[in-house]
Amino acid sequence: MLIGVVPFASAFIYSLLYSFGVVGIVNDGFTTRFWESVLASGEFFRAFVYSAAIAAVSVLISVGLALWLALKFTQELNRKMLSFVIYLPLAIPGVVAAFFTFQLFSKAGFFSRLSYKLGWLQQARQFPDVVNDQFAIGIILTFITVVMPFFVLLFLNVYKNERVEDLSRLAYSLGAKPSQITWRVSLPVMLRKTWTLIALYFIFLLGAYEIPLILGQESPQMLSVLIIREIKQYDLEKISEGYVVAVIYTFIVSLAAILLFSKRRKATKVIVDE
Amino acid sequence: MACKPTSSDSTFDPTDASWETIEEKAQGTTVNFMMWQGNPPLNDYINNFLVPTLKDRYGITMKITGGQGPEIVQLVMGEKQAGIENGQVDIVWINGETFFQLRKIDGLWGPFVKQLPNSQYINFDNPFINTDFQQPVNYMEAPWGMGQFALVYDSAKIPDPPRNLKELETYVKANPGTFTLSNDFSGMTLLKSFLAEIGGSPTSLDGDFDEAKYERLSAQLWDYLNRNKKYFWKEGSTFPKEHTKMSQMFATGELQLVYGFSEGGIEDKIEEGLYPKTARAYAWDNGTILNSNYLGIPYNSGNKAGAMVAINFLISPEAQYKKQIHNGREARTVLEINRLPAEWKEKFENAPKPSYSPDSEKLAKKAIQEPAPEYMIRLYEDFRTEVIEK
């Protein structure tokens with residue numbers, strides 16, 4: 001507990017002081033100037049909404065796909081070869097995954113050249129925009145590749161541990177249709193057991209750095225990219241603005257995490273009481 | 001002592017010491033050199049020539065760490081905030097922007113350059129050496145390399161590349177999607193050339209930062225870019241974060257008009273096989289920026305004597321000559337050839353000429369000075385708010 005909290009708290013306090021100009025060698029004392037300018041520019045809120053949308057879409061698609069795979073291919077996934085293929089992305093760091101995506105999907109990338117060679121495109125430049133693009137398709141694609149295998153693994157385990165198969169068989173013998181079994185037995189059981197993890201993954205993706213750095217646009221940017229950009233900027237007098245963004249972000253995420261866990265405790269308590 | 005050579009003499013202040021004493025103190029120490037490691041031929045020069053030679057001749061162990069511009073400033077700022085007396089780094093490779101920032105936080109130690117024996121070969125009356133982004137260098141940093149910014153095109157694809165803003169407008173309309181600006185140091189350097197052209201002459205941005213002039217000229221520049229960005233790469237909806245990415249896109253043909261420091265930097269890229277042999281570099285009609293890059297010593301270096309000896313070697317005729325001929329990197333030395341001993345003068349004069357880069361003397365006829373650092377800072381900010389976010 002102490003090992004986790006002390007460095008985190010001191011970093012937070014340092015950022016807080018920096019954001020008010022109390023520390024930092026180019027700063028000269030307390031000011032709310034940096035907070036005002038960050039709140040006025042609206043860039044933070046745009047970045048926040050943008051990041052949240054990307055993280056939400058990525059988590060939803062990953063969870064959806066993983067559930068489908070886990071329920072549809074339960075037997076096959078327990079076989080060695082296939083599970084290896086599915087779990088391989090788990091071992092790939094974010095930077096590498098982002099470069100993969102870039103090499104494969106950029107306008108001068110593998111698929112673009114392939115389509116050009118096959119005569120589908122007149123010019124390599126006509127290849128659809130999926131890297132550094134407006135809708136963050138590249139980022140979402142890479143997030144899904146990196147995150148989905150974890151969910152497959154998770155759901156397979158829950159499937160086994162919660163004996164979903166037995167429950168399904170029981171429901172079937174009681175006359176439930178296959179669709180009813182999926183929607184009313186398997187899915188609710190599996191989601192109830194995993195939703196905190198799903199929410200945590202959302203927060204994790206919200207703060208992702210390398211993948212949006214390589215595959216994102218210059219504006220709007222995802223939160224971590226924005227924070228690092230502000231902190232490393234040339235204008236030393238504005239470095240504090242980066243700390244303002246970091247403080248707001250940390251505050252929101254911590255609040256979300258606290259809510260999440262206190263609710264979970266209550267929920268488990270109710271179940272136990274019942 | 002033996003296991004911590006750098007700290008052995010961290011209290012020694014070489015300010016008034018004789019060169020013999022400094023060399024003596026440097027013997028057997030470790031010098032930490034923080035530099036940008038993005039150039040393979042230069043890394044090769046450092047690892048296979050500089051490091052072993054320093055060890056042989058001066059008993060100095062040189063350790064290289066990666067880092068440039070903002071990272072260097074962050075490090076020195078962090079150490080200053082933490083009150084660290086014996087810093088991690090003894091030499092930093094910087095140019096005007098970082099120099100400006102480091103001076104602002106009193107992050108550099110000096111002046112030290114006059115004490116280096118090899119500084120006699122440097123012409124400090126040359127404005128491209130004694131002035132870094134319109135700031136007097138005052139011997140606080142030693143020049144190490146010099147290069148002119150140039151535009152790069154493939155002569156096999158574009159017979160007649162644009163040489164001014166008007167021609168650029170015509171060019172992007174005819175070849176949409178093949179030009180862009182990187183949102184980094186290189187991109188801003190090109191914008192400075194554009195700004196100078198709008199100002200009407202190669203010297204229009206010289207002197208101290210002028211807010212009114214900046215406002216007037218930059219408004220026209222943003223208007224120009226916003227008017228034409230729909231013909232840029234990705235219809236101007238975004239811009240590449242880094243210049244290195246543009247080099248790759250030039251190599252794949254996605255972009256057809258790019259730019260770079262060091263006479264466009266095409267020599268080693270062609271030799272590496274990244275750029276086609278038909279790639280050529282040229283200057284803007286109104287001129288492109290010529291600047292020097294420098295070596296400085298952080299205020300809290302634990303081994304100032306070692307740093308001085310190493311820098312003195314880096315600006316020696318021998319090391320500069322090696323650097324010049326090494327893989328065609330950087331056509332220009334910071335030394336004044338006429339001041340060199342006859343033997344070296346001859347060597348420099350007969351040095352192999354680059355095979356693809358433009359003649360640096362000719363290019364230098366269209367050289368402009370780096371404007372004051374505030375121009376860069378403002379261009380960075382305003383390029384984001386006025387162009388990228390619009």
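**Figure 1. Chain B falls into two domains.** Chain B is divided into domain 1 (5-145 + 291-358) and domain 2 (148-290 + 364-388). These bounds come from an automatic or database domain assignment. The model is predicted: local features need pLDDT of at least 70, side-chain atom pairs count only at pLDDT 80 or more, and totals for chains, interfaces and linings use all residues. Residues are numbered from 1 along each chain as its sequence is written, while chains are lettered from A and ligands numbered from 1 in the order in which they are written. The C-alpha centres of domain 1 and domain 2 of chain B lie 29 Å apart.

**Figure 2. Where the domains of chain B meet.** Here 21 residues of domain 1 of chain B are in contact with 24 residues of domain 2 of chain B. Two residues are in contact if their C-beta atoms, placed from the backbone, lie within 7 Å. On the domain 1 side, H4 and helix H5 (127-130) of chain B each supply at least two residues. H4(B) gives the largest share, three residues. Helices (H or I, at least four residues) and strands (E, at least two) are DSSP runs, numbered from the N terminus. By class, this domain 1 side has nine nonpolar, nine polar and three charged residues. Ala, Val, Leu, Ile, Met, Phe, Trp, Tyr, Cys and Pro count as nonpolar; Asp, Glu, Lys and Arg count as charged; the others, Gly among them, count as polar.

**Figure 3. Chain B against chain A.** In this view, 27 residues of chain B are in contact with 17 residues of chain A. Four helices of chain B give two or more residues each to its side: H3 (69-82), H4 (96-104), H9 (243-252) and H15 (373-388). H15(B) gives the most, with six residues. The side of chain B that touches chain A holds nine nonpolar, nine polar and nine charged residues.

**Figure 4. A parallel strand pair in chain B.** Strand E1 (residues 30-35) and strand E2 (residues 61-66) of chain B run parallel, joined by six bridges. Strands pair if DSSP finds at least two bridges between them. Met35(B) stands opposite Gly66(B) in E2(B). From E1(B), the chain crosses through helix H2 (residues 40-58) of chain B to E2(B), and this β-α-β crossover is right-handed. Right-handed means that, with the strands pointing away from the viewer, the path from the first strand over the helix to the second runs clockwise.

**Figure 5. Lys114(B) and its surroundings.** Lys114(B) lies in the loop between H4 and H5 of chain B. Lys114(B) counts as exposed because it has 12 C-beta neighbours inside 10 Å. A residue is buried if 20 or more other C-beta atoms, placed from the backbone, lie within 10 Å of its own, exposed if 12 or fewer, and partly exposed in between. Not counting residues up to four places away in sequence, Lys114(B) touches Ser119(B) and Tyr139(B). The C-alpha atoms of Lys114(B) and Ala142(B) are separated by 9.1 Å, although the two are 28 residues apart along the chain.

**Figure 6. The makeup of each chain.** Chain B has 15 helices and 11 strands. Buried residues make up 49% of its 390 residues. The C-alpha trace of chain B spans about 65 × 45 × 35 Å along its principal axes. Chain A has 13 helices and zero strands. Of the 274 residues of chain A, 32% count as buried. The C-alpha atoms of chain A fill a box of roughly 75 × 65 × 30 Å, taken along the principal axes.
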